Amino acid sequence: MSTNLNSLNCTPCSGRTPKLENDEISINLNKLSNWSINDEKEMLFKKFIFKTFKAALNFTNSVGDLAEKEGHHPDISLGWGYCLIMIHTHAIKGLSINDFVLASKIDLIDLWLYKKYLCFFLYKL
């Protein structure tokens, strides 16, 4: 049975938390929308594109709120019209299930903000 990643919560980990094996990484990566993995299979990343700096900043702040709630914090690069999210489990210098859970929930933020923008745009018409 396939687990919906966004129904899970990040759990505290330590240096003893096992890194995901390559097959587990592939299975979980296929559950995400357009996320990539670095060559060393130690980090997930995705670049989100926005029409303005403010939209990118709002998204970044929403990701920060989620990270605090989940207790799992990505590395974030913010610029005009984009936000690059990089996720890995710092304690193990690799990937754990927490990374995929957080990525799936970040995608929900992106979808929610898109729907909110679309509703606002349609209302203005």
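In this predicted model, pLDDT stays under 50 over residues 117-123. For residues 117-123 the model has one contact beyond four places in sequence. Where pLDDT is low, the predicted coordinates should not be read in detail. Helix H3, which spans residues 97-124, has the lowest mean pLDDT among the elements of the protein chain, at 70. The highest mean, 97, belongs to strand S3, residues 75-79. Over the protein chain the average pLDDT is 84, and 80% of the residues score at least 70.

A search of the whole structure finds three aromatic pairs. A pair of aromatic rings is described by the distance of the centres and the angle of the planes. Trp35 and Phe48 form an edge-to-face pair, with 6.0 Å centre to centre and 75° between the planes. Trp35 lies in the loop between helix H1 (22-29) and strand S1 (36-37), while Phe48 lies in strand S2 (residues 44-49), so this pair ties together parts that are 13 residues apart in sequence. Trp35 and Phe48 are both buried. Through ring pairs, Trp35, Phe48, Phe50 and Phe59 are linked into a cluster.

A nonpolar patch is present on the surface, formed by Phe53, Ile76, Leu78 and Trp80. Together these residues have about 390 Å² of accessible area. Phe53 is found in helix H2, which covers residues 53-70. The relative accessible area of Phe53 is 35%. Phe53 therefore counts as partly exposed, since this class lies between the limits of 20% for buried and 50% for exposed.

Ile76, a member of the nonpolar patch, is also in contact with Leu84. Leu84 lies in strand S4, residues 82-87. With a relative accessibility of 22%, Leu84 is partly exposed. Leaving aside neighbours within four places in sequence, Leu84 is in contact with Phe45, Lys46, Lys47, Asp75, Ile76 and Ser77. One of these residues, Lys46, is 38 residues away from Leu84 along the chain, yet the C-alpha atoms of Leu84 and Lys46 are separated by 5.8 Å.

Methods: Residues are numbered from 1 along each chain as its sequence is written. This is a predicted model: local features need pLDDT of at least 70, side-chain atom pairs count only at pLDDT 80 or more; totals for chains, interfaces and linings use all residues. Side-chain values use heavy atoms; hydrogens and water are left out. Helices (H or I, at least four residues) and strands (E, at least two) are DSSP runs, numbered from the N terminus. Buried means under 20% relative accessible area, exposed over 50%, partly exposed in between (1.4 Å probe, protein chains only). Contact means heavy atoms within 4.5 Å. Patches are made of residues with over 30% relative accessible area and no salt bridge: like charges are joined within 9 Å, nonpolar side chains (Val, Leu, Ile, Met, Phe, Trp, Tyr) within 5 Å. Accessible areas come from the Shrake-Rupley method with a 1.4 Å probe; for residues, only the protein chains shown count as cover. A salt bridge is a side-chain nitrogen of Lys or Arg within 4 Å of a carboxyl oxygen of Asp or Glu. pLDDT is the predictor's confidence in each residue, from 0 to 100. Rings of Phe, Tyr and Trp (its six-membered ring) pair if their centres lie within 6.5 Å; planes under 30 degrees apart count as stacked, over 60 as edge-to-face and the rest as tilted.
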